[in-house]
Amino acid sequence: MGALTCYGWALAFLLVGALVTFFAGLRTRRLGGLALMFAIPGCGLALLAAVSVFLRGTVSTDPLFTVPGIGAVLLVRLDPLSAFFLAIISVVCFLAILYSYRYMDIPWFADLSLAGYYAPFLLFTCATMTVVGMVDMFFFFIAWEFMTLSSYALVIFDRKRKERLRAGFKYFLIMHIATGLMFLGALVIYSFGKSFTFDGLRVTLQAMMETHPATVHFALICFFLGFATKAGVLPFGDWLPDAYPAAPSPAAAAFSGTMSKLGVYGLVRVFYEILPASNYSRTYGLVIALFGTLSIFVGTMTAMMQEDSKRLLSFHVIGQVGYMLLGVGLGVYFLPKEPNLALVALAAGLFHLLNNAIYKSSLFLNAGSIFYKAGTRNLNEIGGLSRLMPVTAATAVVASLSIAGIPPFNGFSSKWLLYECSVFGGARMPIFMGLGIIAIFISAVTLASFLKFFGASFFGKFRIPQAQAAKGDVPASMQVPQLVLSGLCVFLGLAPLLPLRLLYTSLLDIRPQLGVAGFAELFSGSVSSIRLSFGDGVVATWNPAWIALALLGFCLLAWGIMRSGGASRRTVPSWYCGEPHSDHETHFPAHGFYQPFKQFFRVRIGKYEWEGVYLSFKYPSIRLREDNWLTRLVSVDRWFFYPVVRGFYRLLVWFSGSHVGIPHVYLTWAIVGVLAAIALVFSLH
Amino acid sequence: MDASVLILLLLPVIGAIGAGVSRNRRVADGVAVLSVGIPLVVASSLAMRVASEPTTRVAITLPWLQSLKVPGLFGYLLDPLAILLLTVVELLGFLVVVYSTRYMGRGNREHPTDEGKPRHHFWMLLFIASMTGVAISPNLLQLYVFWEMTTVCSWALISHYRNEASLQAGFKAVLMTVFGGLFFAVALVILFVNTGSFDFAALDRLTPQLRSLVFLFLLVAAWAKSAQVPFYTWLPDAMEAPTTVSMYLHAAAMVKAGVFLIARLAIANYHLAFRSGLLVAIMAVVTMLVGVYMFFFQDDLKRLLAYSTITHLAYVLFGLGLGILGSQTGLLGGLLHIVNHAMGKAVLFLCVGAISYTTGLRSITELRGLSYRAPLVSIAFFIGMLTITGVPPFAGFWSKFFLLSGAINLGGTVGWFLLVPFFLEAIVAFAWFLRVGHHVFFGEVSPAASAAKDPPLAMSLALIVLSIMCLIAPVMGLPIINLIRF
């Protein structure tokens, strides 16, 4: 089977699956199995399609359908970059659906029909997969908006709770505006070149650059705003910390693993593929990198203050997407002048995207597992869960270390590449050096924040708000996705060259005419080591396998010392200097972490308050009184029609007064009439 | 072809009389459904055969006008535009009659009576027949005749419940639309005196000044009919009508006649002045803004929908204005929006009807959490809402996209001047409808809404069909519209 056939069938399976689960949901709540029955072939075939594209190269269809009246053509093309995202989507979405199988049984959702969950989920998977296959802006946006629609349905799944509705509303509205802007941008370019395909848009842009610079800027700004909003880049991503926690955990995992990544995908498509390398690239590269760094800083710093597990992770989504944008921005900036550096930076950004998709999904699933067992997302109310759920704890530690960028896990490899790029980019454009330093500093903040997440939930004294929790870890169907994802974290950490080769070649594949060095020239080394060069000599190396071996060796050494000393483990109650203390007094909740830091950053000016460095304010609720001048003005009835009709009526009443019933009055009227007529006739002649 | 047209025109009239005089409610229902069902089939078969070459036949002339060598006055014109409106009129007519068989019954908690049912059917079927006449009119004169017939029918239907408010609303509607109709009549006279013809294309034969004048007069008529600023005030008041009537009045008939007139003129005449197009487009934008502003004060779902209709007819006129200004894409968008809005608005009205059928209420503040009690209605409502607010892949998106595209193609100061308020209006309307949808359908179930449930089969059926149409309307509409030759 060809890649396109697989892709087509995958979409068909998911679409039909959505319909079937929807209608089955009218009768039953046991939909997980049914959804899996469609998700397995759907995601499997999509993965197959992706692998086939990796092996055999780009495939595309002939135009399937043309919209009459406008030049939009339905074209499907799977190039390696699409395949890369397709692979991520199929794996993450499948694991999330598998996870949902048991997760959705929790009593929290007992009064909700699961048709409202599985059907949109399958639709969402289908829509995200469709997005990466489109090469025509028009259909790209249709799939895009369809993705928004289905994800909105997931956000408001739990629709009895007010704050979730509010989050869903905010999400959908902001997305609608963003997509509207992107449509506007595409239309503006289209009006010059009469084509919506990526290739056509590139040709048009090339021609417009000289003649209509303002229009090009307008279109690019629209695209940037649209995609940045989806990716959750601050300040446009303000919806994200509300919407992600509102969705059920597996859905949030799928959002963070796929949807927010597609924002970056769109940026790469527009600013790398469509925009010809020019001065515009430099401007927008810088813009992207700056907003990315802003997100890194603000998102992560704010995450550190959170006490709700999913909200904490949501802020990290914002922070992490900043790293990707830093890479993409560097890449776009250096595209005209330093293509080697540019491609490495882009590949680094996308590599970070891949890593992030894995560990962030894993973390959301971990948060879901905690919720499953403990029934709360509040980190203050839980503790010591590692004893209850060792597997979840182990996967959570792997994912936490990955996101914090601790070697040898995958997060480090990509961050390392990003740092290298920003340092070497900084040599040419100093500002990138500054951005790189911020990124490095924030990496430490990430670690701090995950110490809190992990420490508060898994270490310390065992406590959960529910009266009792079932013994043992979460069910196997929930363990497997977490294990797979953390396995991937370790694997990609140890073998970074594999995905990098894939990414680099797929980026080259899109823009073959750039004239950059081949993969082997820039990334030498074996599977598990990178020797990085930007075209003139190796500038840095990173060898995760050695680090891992060293770490392992030290662990063994410590263990050996312990064994040889014959130390025995003792379990005793904590010693409080002999004074009696209640559990409550000695518990160190999430709230207690980083207190001085929080106090330092708490700012309040008037009604605006900063949550850390994050400006959080209530959207002003405008209360319009109905009786204002504008309403009065537009009520034409009130000041025009009613008075006129009333006046006319009064005139008639007055005129009917002439009906007096006295003959000679009528005679007078007749004479007056005749005289008037005669006067009229004479005056006319 | 002649026979088909006769069926289209006469069967509803015969059915109207049959349903009107029958004493048995069930017989009345049966007759009514049948006498719109058959025309629907006929109209669909006509739609299949439609080609870009219009079929015209003028059958009847008036003897006293023969000396003036007028070729003929009454007949039919079946071109893509006529077919477009015809299919909407017949499809929605059929669905609304099916729906009303249950809605106008004792099960309705808002108006628990089936007393006026034959009367309702009588006027409704006449309404459908008059709209059919509007759609197939070959010239302005016949259009005018059927145009005023729709006014009469709408007057009777708006005042259906015969209480103070509805009588007043009906009177207001008639007064304002007939006032507009006077302008139509004057325009006809000017046109006939100067060209000796009532053809749609006759405007081209006038001198530029007169052409603009006649166009302006016809535009005033269309504004009054289509409830545009400054004549929009009758439409929200007309919500006193039974919901079935409101739905038909908004989605297919009456208000659509006004925009249809302008569409006819825009397509048939090549030399409409730039200022005419600008006037159409600017007033459309003003209407949009006024309409969307009035959203904020509505608590009655039906009144909200009424203001939404006002803005959406402004969309159509906006597209037609763009077309007159020279953007063909905009014109396409305007025409397509006739169909798309019809489907979206119809489903919304029928949903509100279903809600008031089971709860007796239409108040946004009192209704909450309906999605738990009436899932079908809520899904249909959201589909309708997403359709008219233009979220892909639903129908409204396509026409909105065409309109946006048209404005951008037009380019220059005028294009952007028109585009920006249009874009803003679209966003605000989306936000407000989403808010209302959240308010009414989500959250804890309010006591008022606890009685809600999905409506009986006849009503559900209409909802389901229309929900599907909300998805596929452009697939059916676009090929027809693309046959129109400009």
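This is a predicted model: local features need pLDDT of at least 70, side-chain atom pairs count only at pLDDT 80 or more; totals for chains, interfaces and linings use all residues.

Residues are numbered from 1 along each chain as its sequence is written, and chains are lettered from A and ligands numbered from 1 in the order in which they are written.

**Exercise 1. Describe the overall form of chain B.**

Step 1: Start with the secondary structure. Chain B has 18 helices and two strands; here helices (H or I, at least four residues) and strands (E, at least two) are DSSP runs, numbered from the N terminus.

Step 2: Check how compact the chain is. Its radius of gyration, 21 Å, is close to the 23 Å that the globule rule gives for 486 residues, so chain B is as compact as a globular protein of that length. The radius is taken over C-alpha atoms, and the rule is 2.2 Å times the number of residues to the power 0.38.

Step 3: The C-alpha trace of chain B spans about 65 × 55 × 40 Å along its principal axes.

**Exercise 2. Work out how H2(B) packs with H3(B).**

Step 1: Find the geometry. The axes of helix H2 (residues 25-49) and helix H3 (residues 80-103) of chain B come within 9 Å and cross at roughly 155°. Axes are lines fitted to C-alpha atoms, for helices over the stretch in contact, and angles run from 0 to 180 degrees between N-to-C directions.

Step 2: Classify the angle. H2(B) is therefore roughly antiparallel to H3(B); angles under 35 degrees count as roughly parallel, over 145 as roughly antiparallel, 65 to 115 as roughly perpendicular and the rest as oblique.

Step 3: Sort the residues. Those in the contact of H2(B) with H3(B) comprise 14 nonpolar, five polar and two charged. Ala, Val, Leu, Ile, Met, Phe, Trp, Tyr, Cys and Pro count as nonpolar, Asp, Glu, Lys and Arg as charged, and the others, Gly among them, as polar.

**Exercise 3. Survey the interface, then locate the backbone features.**

Step 1: Count the partners. 33 residues of chain B are in contact with 31 residues of chain A. On the chain B side, H17(B) gives the largest share, seven residues.

Step 2: Find the cis peptide bonds. One runs from Leu234(A) to Pro235(A), with omega near 0°, and Pro235(A) sits in the loop between helix H8 (213-231) and helix H9 (240-246) of chain A. Another joins Pro407(A) and Pro408(A), with omega about 5°.

Step 3: Finish with phi. Arg162(B) is not a glycine, yet has a positive phi of about 60°. Arg162(B) lies in the loop between helix H5 (140-158) and helix H6 (164-195) of chain B.

Note on methods
Two residues are in contact if their C-beta atoms, placed from the backbone, lie within 7 Å.
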